[in-house]
Amino acid sequence: MMTDKRFVTPLGNDGIYCLDTAAWRTHRPVMDKDKCVNCGICMSFCPVNSVYFEEGQYLISYDYCKGCGICAVECPKKAIGMKPEGGK
Amino acid sequence: MAKYTAMTGNTAAYNGAALCRPDLIAAYPITPQSSVVEGLAGLVYGGKLDSNFVQVESEHSAMSVVQGAAAAGGRVFTATSAQGLALMYEPYFRMSTLRIPMVMAIATREMTSPETIWSGQQDAMSVREAGWIQMFCESNQEILDMIIQAYAIAENKKVMLPVNVCYDGFYSSHLIEGIQLPEQAEVDAFLPRHDEYAYLDPAHPAALDPLTPGELMMKYRKKHLEAMQEAKAVIEETDAAFAAHFGRNYGGLIEEYKTEDADVVLLTVGGMSGTGKDAVDAAREKGIKAGLIKIRFIRPFPAERIAKALAGKKAFAVVDRSVSFGWNCGPMYMETKAALADADEKYCSFSAIGGLGGADISFEYLLGCIEKLEAKKDQPGKRDTVWLMD
Amino acid sequence: MNYLDVLKSTKNVMTPGSSACQGCGGELITRRVMQIAGENSVYAIPPGCMAGAGVDGWNFSNGCSAPIHITLLDNTASFMSGVSEMYQRRGRTDVNIVAIAGDGATADCGFQSLSGAAERGTKMLYICYDNEGYMNTGYQRSSTTSLGSSTSTTPAGAAINGKEQQQKYLPLIMAMHEVEYCAAASPSNMPDLVRKIQKGLEAGKRGFAYLHVFSPCPTGWKFAPDQSIEVGKKAVASNMFPIWEKENGQFKVTVNRNPISVAEFVKGIGKFSKLTADEIDAIQEMVDRRYQTLLHLAGE
């Protein structure tokens, strides 16, 4: 139905606009699972929703992580470190 | 059966709107439109009209609320005048460029300053490049009928544009005329219940109006202009279909009055057309072959029909109830001249400006215009702008 | 449900790759709102950081997996009034009607339409992410910019030292509209923010709900992106951004018995780097007075 409406009412419905924000990253958050107590604070504060919960633990996805470092600062156990991307 | 009654232009406007069963009405009071809003509120609050009535805090919000409701699939209505139209300009422009159909009545009024609340067409004329279809009415019956026609035009899939039904503030809005008030069933038969596509619906998620770069923007504008041209045929067809249902029609884009054998022609907009027709009759009694063209739609501008109607005539004057500041003439004169293109130099013509801020466009003024044309009809060329004042 | 369970169990409605800056408070708030409100919602995001970040779509793409419209900068609440009315009319009252707008679109040119929609009791949730300026267009001042802030239109100069006026306190103005729900929240207190979003959505089904959220802006305010939550915490701790709510006519303030000073809050934030001692005192005086007003309203 929308095909013949193109250039009539401006509509965006062909997929989701998405940038490769991972390319912005100079540092990546790396989680030390030995220190992690599964409190979930990193997930709650991640502005990009790059921390996810799977099979009982919090994990970091690097697909869109911008490397802001909030998770590393906010982690109460200092279990996340920011490591240089290094020549990626 | 239609009921024969008498009512003001504003009463005709709100009855016309109510007969179209709008899902939502949002409006803000402004002279001389206020009694349209009051009338609709009376119908809704009295349980006689099943519409959502939203009491807004400004015209900017009036147009915004109806825009939101129309984007959610509703048939919507509002009305305004002058400063209110100016205030709503931002969402007004967006309504047409989103290509969402709706109808708005404008009881036209002069723009301040000097401070004024009275009649004039400067408000509606000033927004004629905002992408809306705009038409002007002469009589109260025409106001009622054209609101009904306007929905049919706006919602036509070839058009998909909002429509302004304009009529002269006070002269039409507040004066009473006889009217055939159609039955609801008659209107329902002509204008089916609205079932418009909802652009904003979780059932089919879409971004309404994503950020659009220039290369694509060009395509949207081109389509909009094409729809405006396609609307010309739709306007004529709608008028014919309306005649089949109600036994009344108005000539579509323009109305011609005694033009067939005319040498000199007055072109008029809105309520002054009635006075103009009287002046034509009087001129003919004096032996002047006069005629009149009522410019009903100003957007799309009926260039072809005006050029055809003026073909073979000797002289014309366009009477504007507004001004074009940059051209030292009225806007419809400027556009009529543009419509005649190369043929323009064959005519004797002038722009007449009158009726600003509620001033009267009298019979004498219009007869004077016809006589002036008659005197100069064999000397082609543009004459100075005539100001219809003492 | 625990706030973490809420966040774990809800879908990311906003595009995963938005062009919001690193550490953006607005992005964090918008994601939380959209994931909690979900896809059975109609969204409006007027021009501002989140529109610029792409949430409203680009070309023929959407910027989220729900219906959304980039309203005008000044008509978000009134446009959504129309949408809400139609959804009520069609009996689709399950659909959330949600606006997410910056402080410019809310407190400045959008204030008239916001006030109108609130007064009418339009059934919707309106969220303001307040980064205290027009950050998307280059950090110009707004009416919520705090005194002495150096912005691109109120630079700290030799003749005039940043913004000359105190900020307009919008959430209290909205509370006085007798709305269904009104709250001030900060993403630094995530359990509180999540709860207030949930309450706002619920209240938005009964009437107008307004949520004013502190939105730290690393780019405009000039602090490191990883400090966003810390800045939020200090804003709350100093009462620069007190958190409270009003429902059923009752104010409830999250009481802060031992506030840190404004001087402590402004430390390390670039836009405040030229603040004079007098300006800090003036802000402190306003902050104390405002907080006392809130306590008084809450009967504390």
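Predicted model: local features only at pLDDT ≥ 70, side-chain atom pairs only at ≥ 80, totals over all residues.
β9(B) and strand β2 (residues 68-69) of chain C are joined by two bridges. The two strands run parallel.

Then I took the whole contact between the chains. I found 36 residues of chain B in contact with 35 residues of chain C. On the chain B side, I asked which elements each supply at least two residues. They are β2 (24-27), β3 (52-55), α3 (59-71), α5 (89-97) and β9 (207-208). α3(B) gives the largest share of that side, nine residues. I also sorted the side of chain B that touches chain C by class. It has 19 nonpolar, eleven polar and six charged residues.

**Helices α7 and α9 of chain B**

I turned to helix α7 (residues 140-155) and helix α9 (residues 214-246) of chain B. How do they pack? Their axes lie 10 Å apart, at an angle of about 130°. α7(B) and α9(B) are therefore oblique to each other. The crossing of α7(B) past α9(B) is right-handed.

I listed the residues that make this contact. α7(B) brings Asp145(B), Gln149(B), Ala152(B) and Ile153(B). From α9(B) come Ala231(B), Val234(B), Ile235(B), Thr238(B), Asp239(B), Phe242(B) and Phe246(B). By class, I note seven nonpolar, two polar and two charged residues in the contact of α7(B) with α9(B).

Methods: Residues numbered from 1 in each chain as written. Chains lettered and ligands numbered in written order. Contact = placed C-beta atoms within 7 Å. Helix = DSSP H or I, 4+ residues; strand = E, 2+ residues; numbered from the N terminus. Nonpolar A, V, L, I, M, F, W, Y, C, P; charged D, E, K, R; others polar. Pairing = 2+ DSSP bridges. Axes fitted to C-alpha atoms, helices over the stretch in contact; angles between N-to-C directions. Parallel < 35°, antiparallel > 145°, perpendicular 65-115°, else oblique. Left-handed = near helix turned anticlockwise from the far one by under 90°.
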